[in-house]
Amino acid sequence: MTEKEFNTSILPLTHDIFTFAVHLTGDRSGVVDITQDVMYKLWEMRQELRKVQNPKAWALKITRNLCLDILKKQKPLYDEEQMYKNSGYDHDLLRSLEDKETAALVKQIIDTLPDNQREVVILREIEEMEYNEIAEITGLGLNNIRVLLSRARTKIKEILVKQYSISKYE
């Protein structure tokens with residue numbers, strides 16, 4: 001792959017790499033380094049990239065692996081119980097929460113999910129990727145991805161129901 005081919009096909013993926021890393025790590029400051037590392041790795045392997053069918057999925061897989069390495073070294077900032085104690089949100093969901101607050105809460109809940117569930121939710125719901133792309137990035141089977149996504153959605157719903165005392169049948 002020539003420099004020109006790299007600049008036209010790989011360099012535009014920088015934004016996707018950056019946003020995916022932000023979603024996985026939750027840290028905008030460290031993501032610049034991750035993005036740079038991914039682009040460097042892609043540059044170093046530019047000759048092999050010709051054989052790659054989906055360069056975006058390949059780049060996001062490298063991003064995922066770097067982010068997971070970083071996350072393994074960190075302790076979680078809070079757990080689910082602390083989130084309940086420190087949430088500071090009003091319990092009257094229908095009157096007091098705006099879309100922005102709800103999105104922030106859901107993001108907070110997503111951050112408490114197990115790594116594999118969090119990753120699948122981010123790829124599917126935030127990055128809006130197809131199941132086969134998620135499978136290529138994560139190395140998981142399609143059924144496993146569906147199960148993880150279902151469990152993650154159920155957990156998010158359970159926490160929202162518990163947090164706001166909303167009946168499942170309302």
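What follows is a chat about a predicted model of one protein chain.

Colleague: How many helices and strands does the protein chain have?

Modeller: The chain has 10 helices and 0 strands. Along the sequence the pattern reads α-α-α-α-α-α-α-α-α-α. Keep in mind that this is a predicted model.

Colleague: What share of the residues is buried?

Modeller: Buried residues make up 36% of the 170 residues in the protein chain.

Colleague: And what part of the contacts comes from residues 24 or more positions apart?

Modeller: Counting contacts with a separation of 6 or more, such residues account for 66%.

Colleague: On to the core. Which residues in the largest nonpolar core touch the most other members?

Modeller: That core has 42 residues, and Phe 6, Ile 10, Ile 17, Val 38, Leu 42 and Leu 49 touch the most other members. The elements that give two or more residues to this core are α2 (14–25), α3 (28–44), α4 (55–73), α7, α8, α9 (131–138) and α10.

Colleague: Take Ile 10. What is Ile 10 in contact with, leaving aside neighbours within four places?

Modeller: Ile 10 is in contact with Met 1, Glu 5, Met 39, Leu 42, Leu 49 and Pro 55.

Colleague: How many aromatic pairs turn up in the whole structure?

Modeller: The search finds 1 aromatic pair. The rings belong to Phe 6 and Trp 43, with centres 5.0 Å apart and planes at 85°.

Colleague: Why is the pair called edge-to-face?

Modeller: Because the planes of the two rings are at 85°, and planes over 60 degrees apart count as edge-to-face.

Colleague: Where in the chain do Phe 6 and Trp 43 sit?

Modeller: Phe 6 is in helix α1 (residues 3–9) and Trp 43 is in helix α3, 37 residues apart, so the pair links distant parts of the chain.

Colleague: Is Phe 6 buried or exposed?

Modeller: Phe 6 is buried, with a relative accessible area of 5%. Trp 43 is partly exposed, at 27%.

Colleague: Changing topic to α4. Is Arg 64 buried or exposed?

Modeller: Arg 64, which is found in helix α4, counts as buried because its relative accessibility is 14% and the cut-off is under 20%.

Colleague: What does Arg 64 touch, not counting residues up to four places away?

Modeller: Arg 64 touches Phe 20, Leu 24, Glu 119, Ile 137 and Thr 138.

Colleague: What about Leu 66, buried or exposed?

Modeller: Leu 66 is in helix α4 as well, and at 18% relative accessibility Leu 66 counts as buried. Beyond its neighbours within four places, Leu 66 is in contact with Ile 34, Asp 37, Val 38 and Lys 41. The C-alpha atoms of Leu 66 and Thr 35 are separated by 9.5 Å, and the two residues are 31 residues apart along the chain.

Colleague: Last topic, pockets. What volume does the second largest pocket have?

Modeller: Its volume is about 150 Å³.

Colleague: Which residues line the second largest pocket?

Modeller: The lining is made of Ala 103, Val 106, Lys 107, Ile 110, Val 121, Glu 125, Ile 126, Arg 153 and Ile 156. Two or more residues each come from α7 (99–112), α8 (115–126) and α10 (142–164).

Colleague: Which element gives the most to that lining?

Modeller: α7 gives the most, with 4 residues.

Colleague: And by class, what does the lining of the second largest pocket have?

Modeller: By class there are 6 nonpolar, no polar and 3 charged residues in the lining.

How values were computed:
Residues numbered from 1 in each chain as written. Predicted model: local features only at pLDDT ≥ 70, side-chain atom pairs only at ≥ 80, totals over all residues. Heavy atoms only, no water. 1 Å grid on protein atoms, 1.4 Å probe; cavity = no way out; pocket = protein on both sides within 12 Å on 5 of 7 lines; lining within 4 Å. Points joined across faces, edges and corners; volume = space filled by probe spheres on them. Nonpolar A, V, L, I, M, F, W, Y, C, P; charged D, E, K, R; others polar. Core = buried A, V, L, I, M, F, W, Y, C linked by side-chain atoms within 4.5 Å. Buried < 20%, exposed > 50% of the residue type's maximum accessible area, 1.4 Å probe, protein only. Contact = heavy atoms within 4.5 Å. Phe/Tyr/Trp six-rings, centres within 6.5 Å; stacked < 30°, edge-to-face > 60°.
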